[in-house]
Amino acid sequence: MQKIRLEKNGFSFRMVQCNKCGNRIVHPGDKQEYQQFLNLKNKNFNVKLRMVGNSYTVSIPKEIVNFINEQNKELDNLLFHVFVSSSN
C-alpha cells in the first residue's frame, strides 16, 4: 500500500493505493467533508437583501457560515501545528 494525495475541487483527499491492483481507499474524514461540501453546493438557499443606513446587507444562511467556520478552524489548527513544529 502506498500513501497518495488527490486534489479535487480544492479538497485534498488522503488515500492509500494498492501497488498490485491499483485500488484506492479514501480517508473517511476527507470523504465525509467533501460530501458535506457537495450537499451545501447543491442545496438552494434563500438570502435576504436589506438596506442598513446607506448600505445593503446580505443575510448568509447558518449552514454556510458553519461550514466556513469549520474550514477556518481546520486551517488554524494546521497552521498552528506547522508553526510549532518549525519552531522546534
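Let's start with a salt bridge: the side chains of Glu63 and Lys43 meet at 3.2 Å, N to O. The term stands for a side-chain nitrogen of Lys or Arg within 4 Å of a carboxyl oxygen of Asp or Glu. Glu63 sits in helix α2 (residues 62-87) and Lys43 in the loop between α1 and β4, so this pair ties together parts that are 20 residues apart in sequence. In general, side chains of opposite charge can pair when their charged atoms come close.

Before going on, a word on where this comes from. You're looking at a predicted model, in which local features need pLDDT of at least 70 and side-chain atom pairs count only at pLDDT 80 or more, while totals for chains, interfaces and linings use all residues. Residues are numbered from 1 along each chain as its sequence is written, and side-chain values use heavy atoms, with hydrogens and water left out. As for helices (H or I, at least four residues) and strands (E, at least two), they are DSSP runs numbered from the N terminus.

**Salt bridges**

How many salt bridges does a search of the whole structure find? It finds two. The other partners are Arg14 and Asp30, whose side chains meet at 2.9 Å, N to O. Arg14 is in strand β2 and Asp30 in helix α1, so here the parts tied together are 16 residues apart in sequence.

| Residue | Relative accessible area | Class |
|---|---|---|
| Arg14 | 36% | partly exposed |
| Asp30 | 9% | buried |
| Glu63 | 36% | partly exposed |
| Lys43 | 42% | partly exposed |

Which residues of α1 are buried? They are Asp30, Glu33, Tyr34 and Leu40. They cover an arc of only 120° around the axis, which puts them on the same side of α1; the arc is that of the directions from the helix axis to the C-beta atoms. Turn to the other side of α1 and you'll find Pro28, Lys31, Gln32 and Asn42 exposed.

**Aromatic rings**

Next, the rings. The structure holds three aromatic pairs. Rings of Phe, Tyr and Trp (its six-membered ring) pair if their centres lie within 6.5 Å; planes under 30 degrees apart count as stacked, over 60 as edge-to-face and the rest as tilted.

One of the pairs is Phe13 with Tyr34, which is edge-to-face, at 5.1 Å centre to centre and 75° between the planes. This pair links distant parts of the chain: Phe13 is in strand β2 (residues 11-17) and Tyr34 in helix α1, 21 residues apart. Phe13 counts as buried, at 7% relative accessibility, and Tyr34 is buried too, at 9%.

Tyr34 also pairs with Phe37, this time tilted, at 6.1 Å centre to centre and 35° between the planes. Since Tyr34 and Phe37 are three residues apart in helix α1, about one helical turn separates them.

Finally, check the surface. Val47, Leu49, Met51, Tyr56, Val58, Ile60 and Val65 make a nonpolar patch of about 720 Å². Patches are made of residues with over 30% relative accessible area and no salt bridge, with like charges joined within 9 Å and nonpolar side chains (Val, Leu, Ile, Met, Phe, Trp, Tyr) within 5 Å. The areas come from the Shrake-Rupley method with a 1.4 Å probe, and for residues only the protein chains shown count as cover.

Strands β4 (49-52) and β5 (55-58) each supply at least two residues of the patch. Val47 lies in the loop between α1 (28-42) and β4, and counts as exposed at 52% relative accessibility.

Notes:
Buried < 20%, exposed > 50% of the residue type's maximum accessible area, 1.4 Å probe, protein only.
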